[in-house]
Amino acid sequence: MKRTTLAALALAVTAGLGLTGCAGAAGPAEEQGQEGKTRLTVSVWNYEGTPEFKALFDSYEAANPAIDIEPVDILADDYPQKVTTMLAGGDTTDVLTMKNVIDYARYANNGQLQEINGVVDTVGKDSLAGLDAFNIDGKYFAAPYRQDFWLLYYNKELLKAAGVDNPANLTWDEYSALAKKLTTNADGKTTYGTYHHIWRSVVQAIAAAQNDGDQNGGDYGFFEDQYNTALDLQKSGATLDFGTAKSQKTSYRTMFETGQAAMMPMGTWYIAGFLQAKKDGKTNVDWGLAPLPQKSDDGKVTTFGSPTAFAVNKNAQHSDEAKKFIEWAAGEEGAKVISKIGVVPALQNDAVTDAYFQLEGLPSDELSKKAFTPDKTALEMPVSDKSGAVDKILNQEHDLIMVGERPVADGIAEMGKRVTGEVLGK
Amino acid sequence: MTNMAEDLKAEAPFLSGAPAPAPEDRRRTQRESPRERKKRTTDVVIYGVLAVLVVALMVPFFWMLSSSLKENNQVLTVPIQWIPSDFVWSNYTDIWTRIPMLGYLQNSLYLAVIITCLQVLTGSLAAYGFSKVRFPGRDVLFLAYIGTIAVPWQAYMVPQYIMMQNLGLTNSFNALILLQAFGAFGVFLMRQYYMTIPDELCEAARIDGLSEYGIWARVILPLSKPALASLALLTFVNTWNDYMGPFIYLTSNRLWTVQLGLRSFVGQFDAEYAMIMTGSVISVIPILVIFLIGQRYFIQGIATSGMKG
Amino acid sequence: MTTETLTPAPVPVSRGNRKQARRNTLIGWTFILPNFLGFLAFTLIPVIAAFALSFMEWTSFTAPRWVGLENFQRMLQSDTFWVALRNTVVYALGHVPLTMALALGLAMLLNRKLKGIGFFRVAIFFPYITSLVAVAVVWNMLFSPDNGPINQFLNAIGIAEAPGWTSSSDWAMPAVIITSVWRDMGYYMILYLAGLQAIPTELYEAAEVDGASGWQRFWNVTIPSLRPTTFFVVVMLTVSSFKVFDLIVVMTNGGPGRATTVLSQLIYQEGIGEGKFGYSSAISLVLFLIVLSITVLQFKLQQRRER
């Protein structure tokens, strides 16, 4: 008896759930292509948390009433994995956002993207920062609309307290000395002179950019100085120990926003995040921006960056509309729209830079402005079908050097050996 | 609960001469005082051991709870902060508006309930076939079942997706239900449990004229409550906590499950850990409810009293 | 292998004439069919497709190209494959016996009528439902080399050179194993609890009458009666150890260096990460064969004991 009742109950519950579940109680309803409008689908990551997408889409729809953009929202964490799976199944999403150049190289080399040389020419080859990265034998399969590059964030109060005005024109040696000077320990609470996040780029991409090194080359002698600097800072306690940062999943935002680190080399994407935190009253750090420290003191600033781009899917349903959208988004209109929310556009000209510095809350001193006009911005990682595999090896060896298990020279030798043997072939 | 098994026990003379008294009663009728004193001491020791264990097991959960009451940039601090400096209760109100949490919970519940029901039903049916009916090819087939458990999902994820795409099932709950409801896990678990149920019981039922389906429904099922409860619990928890399956198959935001919703707090370069922990705490509650309901079946014990195994 | 050697001896239903056998086959299949249809279509066929891919080169965008054993040759020459295989085996050797012993111990402890026992059962299941990120952060903190509680304790009992745990190549794997045992034992405890419930009380009572001590009852009643459950637990534990993925990704992400890189991570990275689906399928085929041979071995052992 009882069993039948239970079963009936379970069935009823299931049926009821079925109704609500299928009716889609959750979230915004699927946007339907309205009468006479073309529905353009664009793959994006973390739509809610990445305001640039919404800003771009809203403005574009306003300017083009015949287009209705539907974001295909994918979680940021595993974005490339999902896109790969979708494309394998013959997905017809029109515009694909390229999160980094490594994925771009893979999709483009596999013939999954359409050539869009026309779009790139219209926007202007010279004014798009980071465009070189997308050149594959004279063909462009994506156009960058956003270009993040690295600079030095600093906490004005902490520097002032140590009697330093600002960290202008630093060499790495001066930077180390400053970081050590800024490190204080009071009441059991340590304030670190700087914070180096655990990413290998903090050491390797900087070294490659400032030494003209090739990270896919198989010879990594040019990493050596940068590793020595990083390890020296760590040993002196001027930055959080790598092992701790890695195992505790330390957030670089926490380190800077709570005043635990006086300086921090980091990418420009953090500007928008910091502005938001400040606006919400979650931090009261008085911040400034400076160019990345350099190898020599000749006054030239070399940094590295990574572009983000839009591409057209080979199987796109609306190829022409997709190209038009990219032309707009990578061009001046799109650049202005994303500048307004603190995102650095790939298109760089005076009008755009001016618009950027109109942003409320951005430090307006000269040094901060100078940080925005580096003399050279190298690519974080070269574009090649080998980049993915090399990246993995460099990451693993980076770990071992930073936790102190391998002396720098051995680690660098091992990188070379493994990259040559496992990736570059035979 | 009256069931066939107990009827059998009472009727079939070879099972037991007279209904055996429950173990509790029997214990009470025997030499009382030294036993009870001994039992009380044992209980105290057990409580002590359990209390220590619980503390050790709950530490990360405590951290999760405490982090859910912090600001995002206060979560991952060095050294670890066990008690929030300010209690940010608003996390628990904000999360419902930051993401459509209620909808995500409904979606998760829908998937978990349907998949669990199907898995338990088809799993226990198939398990009966694998353990109580003898036919050629049975063991090879069973090994194929176990074999697929050994293949990591990452290996056949893409072929599976292409198949689903061709069937037009991607971006729907149906894809996930079809993928997860017929897993080999349930069949295997139930089969092993049925192996412990003495075949004499089935034999007796056959003599009584029950069909195989009748034996399954009226003898085996009532006897396997602890196993059914654990299969249901484990399937529910696995479905509820699954991330990769829903991630690959559910694209529209309105279909997202809780686990996907929580991951949407992870950005390209940073993550809102306080919100993630808030959501995690909320998402654990349904599991606790299911557990508390289900766990009483673990102490019921099966009615094989009088059996000589 | 032949079916006959594997078939245990369930109670023969009748004289076993041909008609009866055909009837049994029919009955057996009707029981299995509802599950089997779904299993065949959505698991077995994709798995077979994946195995076929291990002899091909396929990027998921172009048509697969037959390459014979090339993927396997590449795999055998790959240093990383051997590192990952070794790590996986080490993990399994640590994880399986420890989890099993603890799960059984806990199940015995919790298989009784006590006030509030439900609460304790839930509590022991808690690690399994605690967010993985929380687990990783807290355990990493406990393992912290300089000021973590674990090393402080080790120092206090006189071990001067306490290990570096997750920031050391030698100790990262033990740290991962400890965490995973802690996390999984509640899960397997549930299975053992169900198994313990199936043991007739009379067996214990009979043993008690014969004057068996608690220990003897454990060895002579509990362990043999739990054999089917133990088989299940061992197989599931072995399989899940060889497939371990999530915990490692969150806790060490395979590091430091390659110290905790395991096979399923490699499969994921090579396949969906880099689009080398043929190669990643080849690795999974090898993983499958390893686990399958262990399972068949256990299956045969179990059946021999049952006879």
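Student: How many residue pairs are in polar contact across the interface of chain C and chain B?

Tutor: The model is a predicted one, and side-chain atom pairs count only at pLDDT 80 or more. A polar contact joins N or O atoms within 3.5 Å. Under this rule, with both residues at pLDDT 80 or more, the interface of chain C and chain B has 11 such residue pairs.

Student: Which helix of chain C gives the most to the side that touches chain B?

Tutor: The side of chain C that touches chain B includes residues from helix α2, which spans residues 18-53. With 24 residues, the greatest contribution to that side comes from helix α2.

Student: How do the residues on that side of chain C divide into nonpolar, polar and charged?

Tutor: In chain C, 105 residues are in contact with 112 residues of chain B. The count of salt bridges between the two chains is 0. By class, the residues on the side of chain C divide into 73 nonpolar, 23 polar and 9 charged.

Student: What area is buried between chain C and chain B, and what share do carbon and sulfur atoms give?

Tutor: Buried area is what two parts lose in accessible area on being put together, summed over both. For chain C and chain B this comes to about 9500 Å², and the share from carbon and sulfur atoms is 77%.

Definitions and conventions. Residues numbered from 1 in each chain as written. Chains lettered and ligands numbered in written order. Predicted model: local features only at pLDDT ≥ 70, side-chain atom pairs only at ≥ 80, totals over all residues. Heavy atoms only, no water. Contact = heavy atoms within 4.5 Å. Buried area = accessible area lost by both parts, 1.4 Å probe. Salt bridge = Lys/Arg side-chain N within 4 Å of Asp/Glu carboxyl O. Polar contact = N/O pair within 3.5 Å; in protein donor to acceptor, adjacent residues only side chain to side chain. Helix = DSSP H or I, 4+ residues; strand = E, 2+ residues; numbered from the N terminus. Nonpolar A, V, L, I, M, F, W, Y, C, P; charged D, E, K, R; others polar.
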